[in-house]
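Hi there,

Here is the structure I promised to pass on to you. Please open it beside this email, and then read on for what turned up.

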Amino acid sequence: MILEESQDGEGMERFLWQPAEHGSVRKGCDPLAQTQRSKLQNRRARINQQINKEMRMRAGAENLFKATNNHKVKETVALELSYVNSNLQLLKEELEELNSCVDVYQNDSESISVPMIPLGLKETKELDLSVALKELISEHYGEDGTSYDKEIQEVMDLRQAMRTPSRNEAGLELLMEYYNQLYFLDYRFSPPNRHLGVFFHWYDSLTGVPSHQRALAFEKGSVLFNIGALYTQIGARQDRTSDQGIDLAIDAFEKAAGAFNYLKENFSNAPSLDMSAASLDMLVRLMIAQVQECVFEKVTLTQAPNDCFSQLQIAQEAARVEDVYSLVYQTMTQPPVKDYVPFSWTTMVHVKSEHFRALSHYYAAVALCDGPPVSDQEVPQYEKAFIQFHVTMPEGPPLPVLLQDPEERRKLGKAHLKQAIMRHEEAMRVHGLCRILRKMDILQEVLSFTHKRSLSKYSEVDQEEDFFEMGEAPDIHPKTLQKPEIKTPNFSKVKVTDIFHRLGPLSIFSAKNKWRLASRVHLAKGESGFGFTLRGDSPVLIAGVIPGGCAAAAGLKEGDYIVSVNGEDCKWSRHSEVVQLLKSIGDEGVDIEVVTLQSSEGQSLADKKSSMSSPGGLSRSPRENSRKKPMSSKSSGSGPLLIWSKKTKRTQGNALALPFSPAGANESNS
């Protein structure tokens with residue numbers, strides 16, 4: 001199957017360059033380290049392999065069942081299929097339980113806080129890129145592939161390291177470094193009409209079902225998913241009992257939402273369910289809900305406990321959290337996500353929705369019952385706050401009377417407490433329906449504590465002479481002081497080196513370009529020099545050839561690029577450096593190697609420069625570092641098609657767009 005990515009020779013400014021010899025210094029975690037998280041990942045990897053084995057057995061049995069006409073063979077195969085399907089179901093249930101082990105990723109603080117939902121990383125198989133890369137270097141670049149053994153091993157080491165990133169900033173930088181290197185690999189080794197020649201195998205994060213594709217776009221998407229997943233783990237581990245911990249958790253969950261949203265906008269028809277548009281949309285909403293929950297916790301830490309307006313604000317923040325979790329719950333209960341998301345996730349989201357609805361009523365009751373008496377001068381201020389507080393106005397006397405009558409405030413507060421107790425009990429009932437959540441002690445403690453607190457407050461405000469109960473308290477209008485952001489990954493913060501820097505400038509020496517392989521010519525300096533004009537840098541371009549001169553006689557043409565002078569590599573040389581080399585040549589002459597870019601018809605770009613405006617005739621967006629929407633494409637094979645497309649800023653004088661640099665200072669006659 002074929003994946004297409006828009007041809008774009010620009011965008012290299014996204015990355016900060018380092019000397020090529022530095023290489024990557026980032027390493028992954030020790031996969032044998034016996035931490036709780038590593039044990040969990042090892043179990044996930046083992047289950048993924050078993051699922052893969054069972055699925056291959058099922059595919060073989062199904063093919064045999066269709067191919068045979070023997071009745072006894074069909075019965076035997078059908079029995080075997082039932083065993084295989086049973087084993088697959090057990091394995092998927094075991095994997096679901098692992099995916100529900102959210103307590104492994106929580107912080108080690110002794111304080112009680114509601115656990116967050118993190119994602120496990122996608123697993124991948126080891127991959128040998130050496131044969132495929134050496135073949136392309138030999139065929140496309142005309143160089144000895146074995147001379148790049150060091151670079152190939154560096155890429156493979158980097159890929160191996162990114163399989164086990166640490167759960168911190170260093171792990172994120174490792175994943176981003178590999179992601180950025182895939183950008184260079186794609187341009188170096190992904191010709192428009194062929195694949196790299198290797199399969200990239202990745203397992204679904206939640207089901208363990210394997211998927212594989214040949215295109216680097218699938219590798220990019222899977223790494224990007226793991227960046228988002230790692231952010232969720234970093235957010236879940238923060239100690240949210242302090243402002244700093246909450247801010248770190250908010251930032252991590254917002255960046256996770258940005259990674260999943262970026263993936264959703266740039267991929268279509270993903271080969272695995274965890275990267276489908278519906279699943280990614282659900283994950284973005286889940287991350288935003290967890291950000292909103294952190295905002296609520298931050299408000300409860302910073303607001304004064306005995307201030308009426310503070311309690312009203314906390315109640316509205318809780319209502320906002322309930323609102324976003326209700327949206328996530330609706331998303332999780334709709335197909336196709338319904339049959340994919342772990343039941344424990346859906347249940348926890350439902351529990352949180354009910355829990356925060358109960359908290360909104362509880363804090364409303366605290367504001368009404370514990371607030372100080374309202375004076376005549378304060379009535380307008382309180383009236384304005386309460387008008388925007390309830391979704392519908394509560395039954396009873398007018399608002400100014402309610403605010404100044406302690407008894408009426410107590411009755412309305414009592415009605416809110418009744419709603420809070422009912423919602424707490426519903427949250428505990430839903431929690432009890434999930435076997436996995438029942439094992440989560442910290443969540444049980446939170447639900448039990450808040451329920452008892454509401455019961456205690458209710459007994460405090462309840463009076464024996466309350467013969468007439470007030471009607472049902474209206475819901476709280478959701479409002480927040482801090483709206484969540486979706487933060488797109490900032491890949492430019494990670495400095496990377498083009499590992500295959502020696503192949504030459506990417507604008508010329510890429511898999512997207514075709515050229516005649518390097519040809520060597522010998523030039524002797526004539527009376528008028530070598531008979532050509534040079535222009536540009538890295539590599540230097542032969543901008544013009546004087547008819548009848550030495551260069552014309554040797555077969556050099558306008559549009560050739562000089563790649564070596566007397567055996568010295570000049571692909572990265574500046575204009576002045578090449579000119580100096582040529583000036584130092586004596587009467588013995590000089591050996592020059594040149595390459596000539598070609599169009600798809602095989603003509604040189606110099607011959608077609610008048611009809612070319614950009615490579616492949618692609619139009620470009622004026623927006624810098626933006627991305628194209630998913631575009632349709634035809635595949636030469638069957639199966640799902642994953643499309644990755646990019647747009648970057650157009651710049652003048654790019655060597656990919658024009659065969660000549662603009663005339664200017666970097667021009668000389670030789």
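F296, Y325, F356, Y362 and Y363 form one aromatic cluster. Rings of Phe, Tyr and Trp (its six-membered ring) pair if their centres lie within 6.5 Å; planes under 30 degrees apart count as stacked, over 60 as edge-to-face and the rest as tilted. The count by this rule is 15 aromatic pairs. In one of them, the ring centres of Y325 and F356 are 6.4 Å apart and the planes are at 15°, so this pair is stacked. Y325 belongs to helix α9 (residues 308-332) and F356 to helix α10, so the pair ties together parts that are 31 residues apart in sequence. Y325 counts as buried, at 1% relative accessibility, and F356 does too, at 2%. Here buried means under 20% relative accessible area, exposed over 50%, and partly exposed in between (1.4 Å probe, protein chains only).

Before you go further, please note that this is a predicted model: local features need pLDDT of at least 70, side-chain atom pairs count only at pLDDT 80 or more, and totals for chains, interfaces and linings use all residues. Residues are numbered from 1 along each chain as its sequence is written, and side-chain values use heavy atoms, with hydrogens and water left out.

Next, have a look at helix α15 (residues 441-461). Helices (H or I, at least four residues) and strands (E, at least two) are DSSP runs, numbered from the N terminus. Among the buried residues of α15 are L443, L447, H451 and Y458. Seen down the axis, the buried residues of α15 fall within an arc of 125°, so they line one face of the helix; the arc is that of the directions from the helix axis to the C-beta atoms. On the other side of α15, the exposed residues include D441, F449 and E460.

Now to helix α6 (residues 216-236), where T232 lies. Is α6 largely enclosed or open? Of its 21 residues, 21 are buried, so α6 is largely enclosed by the rest of the structure. T232 itself is buried, with a relative accessible area of 0%. Beyond its neighbours within four places in sequence, T232 is in contact (heavy atoms within 4.5 Å) with residues including P118, L119, F253 and M287.

Finally, two charges over rings, meaning NZ of Lys or CZ of Arg within 6 Å of the ring centre and within 35 degrees of the ring normal. K74 lies over the face of F65, 4.1 Å from the ring centre. The charged end of K571 is over the ring of F509, 5.5 Å from its centre.

Happy exploring!

Terms used: Expected span 1.5 Å × (residues − 1).
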